[in-house]
Amino acid sequence: MANRILLVTSSILGEHGQSNALASHLRQRVDERGELSLTHRDLAVESLPHLGLEELSSWQVAAAERSAEQQVLAQRSDELIDELNDHDVLVLAVPMYNFGIPSQLKAWFDRVMRAGVTFRYTEQGPVGLVKGKRAVILAARGGEYAGTELDTQTPHLKAMLGMIGISDVSVVYAEGLAMGEGRRDAALKEARQAIDGLVAKL
Ligand SMILES: Cc1cc2nc3c(=O)[nH]c(=O)nc-3n(C[C@H](O)[C@H](O)[C@H](O)COP(=O)(O)O)c2cc1C
């Protein structure tokens, strides 16, 4: 069966976003392959609200017993989890904003990481319930942090993905994008080549 790719973007810079540009490059390569399918969810466009108590509580009520309001609230998370489960490869195009992931992407994880649905706790610790998937992170940054303690993004993303059962994670870095044109162009070129290599193997 062909690989189904879920591409999640979160740059607030629209067509000027470098992580969006890398996502577009990946999309182009995927289209060229033909046998792959791709769904794009742009979190900067749809702007999920912060997760709050009412929405969290709606998950704890059995589906048949939810009020009309709880049904609407629970549906957000249900839909995002169903979408993830319907795909084989999760591609996260991730800008670094203030040393972290965009709050829009955090709002997505806050709904996808759901106890009893995408992971469960056992006496041996948490067990991921999302099976047979891999993830690709396209990490775009103004500065250069990969492999240093200032790269809080990569461990955070890997921890969240690992918690729900996605431990096969590839990271493509495009760093130094605000450190002069030469550095930016070289970083983007290298990232595009890495994406080409990844897509060729999907
Ligand atoms: C609000 C904001 C905060 C940012 N914070 C950081 C940062 O902490 N470290 C960094 O290296 N670059 C930072 N940048 C630069 C982005 O990482 C850079 O624009 C990169 O291209 C990824 O974002 P993009 O996909 O939206 O273009 C920031 C950019 C914005 C707009």
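Predicted model: local features only at pLDDT ≥ 70, side-chain atom pairs only at ≥ 80, totals over all residues.

Residues are numbered from 1 along each chain as its sequence is written, and side-chain values use heavy atoms, with hydrogens and water left out.

Around the ligand there are 16 residues, of which Ser11, Gln18, Ser19, Tyr97 and Gly143 come nearest; a residue counts as near if one of its heavy atoms lies within 4 Å. This shell comprises eight nonpolar, seven polar and one charged residue. Here Ala, Val, Leu, Ile, Met, Phe, Trp, Tyr, Cys and Pro count as nonpolar, Asp, Glu, Lys and Arg as charged, and the others, Gly among them, as polar.

A side-chain N or O atom of Ser19 lies 2.6 Å from a ligand oxygen. For Met96, a backbone N or O atom is 2.8 Å from an oxygen atom of the ligand.

I turn now to the helices, which are DSSP runs of H or I with at least four residues, numbered from the N terminus. Helix H4 (residues 68–85) packs against helix H5 (residues 103–112) at about 90 degrees, their axes 8 Å apart. Axes are lines fitted to C-alpha atoms over the stretch in contact, with angles running from 0 to 180 degrees between N-to-C directions. H4 is therefore roughly perpendicular to H5, a term covering 65 to 115 degrees. Contact, meaning heavy atoms within 4.5 Å, involves Arg76, Ser77, Leu80, Ile81 and Leu84 of H4 and Trp108, Arg111 and Val112 of H5.

Terms used. Helix = DSSP H or I, 4+ residues; strand = E, 2+ residues; numbered from the N terminus. Parallel < 35°, antiparallel > 145°, perpendicular 65-115°, else oblique. Polar contact = N/O pair within 3.5 Å; in protein donor to acceptor, adjacent residues only side chain to side chain.
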